[in-house]
Amino acid sequence: MQQSFGQLIRQARKNKGYSQRDLAKLIPVDFTYLSKLENNRAARPSEEFIRSLAPHLDLDEEELIFLAGRIPERDEDFLKKNYQAMPALFRRMQENPDFAQKVFQEATQPEDEEEQN
């Protein structure tokens with residue numbers, strides 16, 4: 001089962017042994033905002049906030065940004081340059097899980113493995 005942004009943050013915070021108040025002091029942000037995020041009652045957090053939060057929880061910033069429903073700013077230019085192909089790509093990946101799995105495998109394969117294949 002896929003975790004929501006809030007569930008992942010809560011679990012990572014607990015794994016690190018932080019209370020919401022402890023973590024809020026590190027970011028810094030009001031602990032009530034963390035509570036709202038963990039309970040999926042806050043608006044989508046900004047990329048800047050996610051990048052400040054992720055290192056304290058040993059989470060990957062980029063993955064967390066996508067899980068929050070955002071696209072990292074550095075990826076926006078690529079999407080804009082290829083905007084006409086994006087709807088078809090996303091639709092094909094949703095309709096064909098095998099195709100999506102191949103794309104994900106290629107994308108996450110280390111470059112040195114690509115050169116050997």
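I began with Glu48, which I found in helix H4, residues 47-53 (helices being DSSP runs of H or I with at least four residues, numbered from the N terminus). The model is a predicted one, in which local features need pLDDT of at least 70 and side-chain atom pairs count only at pLDDT 80 or more, while totals for chains, interfaces and linings use all residues. Residues are numbered from 1 along each chain as its sequence is written, and side-chain values use heavy atoms, with hydrogens and water left out.

Next I turned to the largest pocket, which holds about 800 Å³ of space (a volume is the space filled by probe spheres set on grid points, joined across faces, edges and corners). A pocket is an open set of points on a 1 Å grid over the protein atoms alone, where a 1.4 Å probe fits, with protein on both sides within 12 Å along at least five of seven lines; lining residues have an atom within 4 Å of a point. Of its 16 lining residues, Phe66, Phe90, Met93, Val103 and Phe104 are the closest to the centre of the largest pocket. H8 gives the most to this lining, with 6 residues.

Technical notes
Helix = DSSP H or I, 4+ residues; strand = E, 2+ residues; numbered from the N terminus.
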